[in-house]
Structure formats: C-alpha cells, structure tokens
Amino acid sequence: METIEPFVFARMPEIHFGPGKIRQLPNLIAQKGRKVLLVTGAKSFLRSPHYDQLTSSLAENGVAIDHVSVSGEPSPRFVDDTVARLRGTVDCVAAIGGGSVVDAGKAISAMLLQEGSVTAFLEGMETRKHDGRKVPFIAVPTSSGTGAESTKNAVLSDIGPDGYKSSLRHDAFVPDIALVDPELILTCPPDVTAACGLDALTQLIEAYVSTKASPITDALAESGLIRAASGFLAAFEQGATNREARSDMAYAALISGAVLANAGLGVVHGFAGPIGGFHEIPHGVVCGTLVGAATRAVVDALISDTGRYHAALHKYARAGALLTGRTTGDVVGDSRLLVETLETWIERTRIPRLGQFGVRETDLDKILDKSNNKNAPVQLSREQMTGVLRSRL
Ligand SMILES: [Fe+2]
C-alpha cells in the first residue's frame with residue numbers, strides 16, 4: 001500500500017438526503033432567520049406544486065420571502081444587480097434548481113455582506129481577497145450534475161468572443177445545507193439527465209485519479225461511481241418513474257461535488273472553462289461530449305508508460321471495474337473497459353457534438369490557448385489535446 005501523501009479535506013455541507021426531504025426546507029430556512037431570498041430557475045420548479053407548498057409553509061413559519069429567478073448561466077452583472085437590491089435585507093439564501101441556479105445563489109450569499117462588484121473576487125482577475133463572510137446558504141438541486149450543492153465555488157460566466165467563465169471560491173462557500181430530494185429530479189428531461197449525469201461521472205473520475213486525491217476522496221469517489229453505475233442509464237431511460245435511479249444519480253452528483261472540491265479535476269474540466277466562455281453550450285454537454293475521448297487519450301498516455309504511471313492506471317482500471325461490475329483481470333484491460341463504457345453511454349444517450357453548437361476547427365487554437373490539464377495524472381501535449389477536441393467537433 002502506498003504512503004498517504006499530505007492532504008486537506010476542507011468541509012462538507014450538512015446533508016439532508018432522501019425522497020420527501022423538500023418538506024423540511026421551510027423549517028430549515030426558519031432556523032436561519034426571518035427573511036429568505038429564494039433563487040430558482042425561470043420555469044419548472046415555479047410551476048410545480050412544491051413551490052406553492054414551500055411559500056405557504058414559509059409564511060406559516062413567519063418567514064418573509066424575496067425571489068429572484070435565473071435563466072441560463074449566471075453572470076457577474078446578475079449577481080451584482082441582485083446584491084445591490086437586497087444587501088442588508090436577507091438572513092438566508094436558498095437556491096432550488098440546476099447547477100446554474102445553485103451557483104447563482106451561492107455567489108449572491110457570498111456577496112451580500114461585501115461591498116463592490118463580485119468581479120473583484122473572481123479567479124484569474126481578482127483584485128481583492130474574500131474574507132469568507134456570507135449569508136447562510138441552502139442548496140437544493142433539481143438536477144444531478146455539477147454537484148454545486150457540495151462545492152466551494154460558484155461559476156460565473158460572461159459569454160462571448162472575449163468571454164470567460166470564472167469561479168468565486170472560498171472554503172466558506174460550501175453550502176451550509178445541501179437538501180437533496182430525488183423526487184424533485186423526476187421531471188428532469190432525458191437529454192439534461194444524460195448530460196448532467198456525465199458531468200457528475202467526469203467529476204468523480206477526474207477527482208479519483210487526480211494528483212491531489214486523498215484516501216477520503218478515493219473512498220467517496222468509489223461510492224459515487226458504484227451509484228452512477230447502477231443509476232446512469234436507468235435515470236436516462238426511465239427518469240420520470242425510476243426513483244431508485246434518481247436517488248443513485250443524486251448521490252453520485254452530491255459526492256462528485258465533494259470530491260472535486262477537495263481533490264480537483266482533470267483535462268475535461270480544463271477544456272470546459274474556455275469552451276463555455278466562448279460558446280453558449282451547457283457545461284454538462286461539454287463534459288459529456290469530451291469525457292470519452294479525453295479519458296481515452298489520458299489512458300493511452302498512461303499505458304505507454306506503465307512503469308511511471310502504474311498507480312494512476314490502476315485507478316482508471318478500478319473505475320472501469322466499478323462502472324461495469326466486471327473485470328478483464330488486468331489493469332490495461334479494465335482501463336480500456338472504462339473508456340469503452342463511457343463511449344457507449346455517450347453514444348446511447350446521443351450527447352451532442354461541439355460542432356452542433358457552432359464550434360469549428362478554426363476555434364480550436366483559441367480554446368487550446370486557454371485550456372489546461374488541471375490535476376490530471378499525466379499532462380497531455382497540445383497535439384493530444386487537439387486530437388480530443390477534433391474528435392468531438
Ligand atoms: Fe463539471
């Protein structure tokens with residue numbers, strides 16, 4: 001067994017997981033204060049019976065409500081405008097929605113006790129250091145993907161030719177509470193379910209093989225992979241009725257956030273920032289479309305130097321065995337099993353290609369200039385990275 005390398009595991013939210021947990025949300029909010037800001041998406045949760053139940057129950061608990069809805073990925077301007085309107089008036093922020101909604105709520109909660117624009121704190125362009133003071137934040141995911149309910153960063157986007165995606169990040173931004181109710185996810189449509197599920201899966205795999213992984217993140221990632229193995233296709237094919245599959249994927253996503261927050265990510269997410277900044281493509285689609293080709297490239301690079309990279313290859317092999325429930329009996333074979341499974345799932349769920357969102361061969365250099373391997377166990381060359389992108393145009 002290998003020596004444990006030094007590591008940090010920051011923190012987890014208080015987790016309330018299970019069908020029907022949404023009914024506990026008013027009480028959890030009431031424990032945080034008398035005025036809540038509800039952050040939701042533009043459509044589905046507002047139309048569901050849960051929204052009316054939530055607002056009337058909050059009223060019964062004597063909690064006043066403000067509300068803001070998010071469409072698309074949150075921009076720094078959206079956060080600044082919301083905070084300017086509400087600063088000093090809110091005791092708690094509760095975000096109920098997909099990854100973008102949770103990120104929006106997380107950023108708003110992080111800015112309500114600060115002065116000035118959120119852009120001053122964004123990674124890569126920061127001019128100020130955040131002190132971690134924020135308003136209590138509750139995350140309630142309605143899709144199973146980014147794991148934003150257990151991460152310490154909020155991704156903000158300014159999409160366009162000079163666009164960017166950048167994170168507001170601090171250990172204190174891990175949500176105080178993650179309320180994960182698989183019943184809220186039953187209505188998530190199949191294409192979103194598949195893309196988000198592959199994002200969660202990418203996060204589990206990338207954190208598992210990361211150079212920053214620890215025995216804690218390894219154990220968590222393995223438990224997430226086991227659940228993704230049983231839930232991924234079933235959630236895509238029978239998402240409206242299969243509660244078990246929704247639970248499995250909700251757990252996998254929650255854990256993917258916890259492990260990425262503490263072990264980092266790899267080459268797929270190294271591409272996702274710049275691609276998402278330049279082009280309007282959902283994050284889950286970017287990750288879902290690239291994870292097969294990127295994992296193949298990394299595994300091939302590891303196999304070509306098994307002496308040096310044996311430990312990392314062993315982890316890819318273990319991931320392959322966990323995801324398929326079988327083994328070929330050797331490390332190279334099981335690593336390839338992982339790649340083949342990912343590629344099969346991508347094809348079966350018909351994840352779109354980058355070209356369908358307008359990414360062209362002529363865009364690749366610009367994307368590659370801003371991409372990196374993050375904490376991947378091997379550094380792919382520019383040529384290898386070009387090959388990954390080109391294979392999914
Ligand atoms: Fe992701």
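**Exercise 1. Work out how the fold of this predicted model is held together along the sequence, and how its overall dimensions compare with a compact globule.**

Solution. Begin with the contacts in the chain between residues at least 6 apart in sequence: 79% of them join residues at least 24 apart. The model examined here is a predicted one, and its chain contains 14 helices and eight strands. Next, turn to the dimensions, where the C-alpha trace spans about 65 × 45 × 45 Å along its principal axes. For 393 residues a compact globule would have a radius of gyration near 21 Å, and because the chain has 20 Å, the value agrees with that expectation. Finally, consider burial, for which 52% of the 393 residues of the chain count as buried.

**Exercise 2. Determine how helix α10 and helix α14 are oriented to each other, and describe the residues that form their contact.**

Solution. The crossing in which α10 passes α14 is right-handed. On the α10 side the contact is made by L290, A293, A294, A297 and A301, while α14 contributes Q384, G387 and V388. Sorted by class, this contact of α10 with α14 has six nonpolar residues and two polar ones, with no charged residues.

Key. Residues are numbered from 1 along each chain as its sequence is written. This is a predicted model: local features need pLDDT of at least 70, side-chain atom pairs count only at pLDDT 80 or more; totals for chains, interfaces and linings use all residues. A crossing is left-handed if the near helix is turned anticlockwise from the far one by less than a right angle, and right-handed if clockwise. Helices (H or I, at least four residues) and strands (E, at least two) are DSSP runs, numbered from the N terminus. Two residues are in contact if their C-beta atoms, placed from the backbone, lie within 7 Å. Ala, Val, Leu, Ile, Met, Phe, Trp, Tyr, Cys and Pro count as nonpolar, Asp, Glu, Lys and Arg as charged, and the others, Gly among them, as polar. The radius of gyration is taken over C-alpha atoms; the globule rule is 2.2 Å times the number of residues to the power 0.38. A residue is buried if 20 or more other C-beta atoms lie within 10 Å of its own, exposed if 12 or fewer, and partly exposed in between; C-beta atoms are placed from the backbone.
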